[in-house]
Amino acid sequence: MTKPRILWTDDEIDLLRAHIIFLQEKGYEVETANNGSDAIDKVAKNYYDIIFLDENMPGMTGLETLTKIKVISPNVPVVMITKSEEENIMDEAVGAKIADYLIKPVNPKQILLTLKKNIDQKRLVTEQTTSKYQMQFGQIGMQINDRLNFDEWKEIYKKLVYWEIELSESDDSTMDEVLTMQKNDANNAFFRFVKDNYEDWFQRDFEDRPLLSPDIFKHRVFPHLDEGKKTFVLVIDNLRYDQWRTLSPVFNEYFHTQSEELYCGILPAATMYARNSMFAGLMPSEIERVYPQLWSDDDNEGSKNRHEEELINKQMQRFGRKESVYFEKDTGIKKERWVTDNLNNILKNDLSVMVVNFVDMISHARTEMDMIRELANNEKAYRSLTLSWFKNSSLLELLKGLSENNIRVVVTTDHGAIRVDNAVKVIGDRETNTNLRYKLGKNLNFKSKHVYEVRDPKKIFLPSRNVSTSYIFATGTDFFAYPNNYNYYANYYKDTFQHGGISMEELIIPVITLEPKN
């Protein structure tokens, strides 16, 4: 293994001989320079893992040397060492993106800690992460096999997401397969939990069942209006909890997290059902019954979410709410004054709701476009692509404006998505819908045991086209394919992100309340 290389620059380098010997004995290769010019020459000719740089040197100062080193080798970590504790020097050094800042006199253990933070951190984090997940693996496995309630399933899912993100940041991929296996085991158990309990939830009072899609506005949005707070509801279509965890540090630059909660999306975990239900405050069959003009059959043609604004207004009216409402659906095509116009409208209204479809567009584009599939070729890359979009989006500019104007924000979604890899044959008539994770129709024929079949849709408050309509839901990483051209479709949709069925990724989804920092 190559020894890590250090360049130590100090005009009194001879006085640091004991420190250098200590580091050499610890396995580091140390080169020295006693002025800024020599240090710059060495950096131009050699590679170093880290540079220690004295700030107070005659001739070229440490800060001047730092600036020139960053031009030559911008990614090498530089540790500034100085006798001065003046704040302006610290500000300049930090602004120049130093890795660390030490005050003389330094001792060998300080130096060693700095090296471990900046050179060995990746290896140490990888070792610790792998070790800690191995310790928790058995504990999570035992919990999965218990009889859990929904709150306990939320905690299991949080743990799995935590370890998935932690392990994805390490250099050791040996645990990836183990984690994937454990997620699959968890999803199989979660499927049994939903199958055993979902229908029963609709016979219970609100306090005795999970928070569901139609509860979101009544229980997580209207209370803010009751406090007299202008509130902005951001619905990011198809946003999974792991994606929220990736985006949340950017939100937290401008907002405090007042509450972070997971709720249960309804079945099917699809926009037509879950989002309409959220906006209406009703289950799908109730929307069809109460507002038949605002419900479209799942006939695969046209937009099935054309009436979202009307459904929100209907829900407000049912609860006797008089607040003004602004609604906007982001189509991905930005107008010149998009941020300004939306901010002005939000400031004028008590409740503002925006639907953003970009994450869902990534999911669908990944299925249809090889380039997007390559960019998001695994879960980590999918999260990274979502983060890259958000950090460079007009939406982030709008959120900055909301923070500056003291607008409370609720971030949520209608459903998540799961990466599928196993095709399950299903036979249906010509009116059967085309979604890969759920089907509704007459005489649906399938052989898999891992399917949730609902022969009486009214029991779970879903519409029926006729008396013989039934629904089936895929679980885990399964997806439905017809026998015709089965192999083609099985290969085409394998390793794509889909939604509509039963998995933690699709149904256990975030609702977050954010308070402006100012």
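A: Helices (H or I, at least four residues) and strands (E, at least two) are DSSP runs, numbered from the N terminus. By this convention D200 is found in helix α8. The model is a predicted one, in which local features need pLDDT of at least 70 and side-chain atom pairs count only at pLDDT 80 or more, while totals for chains, interfaces and linings use all residues. Residues are numbered from 1 along each chain as its sequence is written, and side-chain values use heavy atoms, with hydrogens and water left out.

Q: How many helices and strands are there in the chain?

A: The chain has 20 helices and 19 strands.

Q: Is D200 buried or exposed, or does it lie in between?

A: Buried means under 20% relative accessible area, exposed means over 50%, and partly exposed lies in between (1.4 Å probe, protein chains only). D200 counts as partly exposed because its relative accessibility is 31%. By contrast, D215 is buried, at 8%. Of the 518 residues in the chain, 52% are buried.

Q: Where is D215 placed, and which residues does D215 touch?

A: D215 is in the loop between α8 (176-201) and α9 (216-226). A contact means heavy atoms within 4.5 Å. Leaving aside residues up to four places away in sequence, D215 touches F206, R209, P210 and R220.

Q: Why do the buried residues of α2 line one face of the helix?

A: An α-helix has 3.6 residues a turn, so residues three or four places apart point the same way. In helix α2 (residues 36-45), the buried residues are G36, A39, I40 and V43. Seen down the axis of α2, these residues fall within an arc of 100°, so they line one face; the arc is that of the directions from the helix axis to the C-beta atoms. Their cover includes β1 (5-9), β2 (29-33), β3 (50-54) and α3 (62-72).

Q: How is the packing of two helices described?

A: The description uses the angle between the axes and the distance between them. Axes are lines fitted to C-alpha atoms, for helices over the stretch in contact, and angles run from 0 to 180 degrees between N-to-C directions. The axes of α14 (residues 338-348) and α18 (residues 394-404) come within 9 Å and cross at roughly 40°.

Q: Which residues of α14 and α18 meet?

A: W338, V339, N342, L343 and I346 in α14 meet S394, L395, E397, L398, G401 and L402 in α18.
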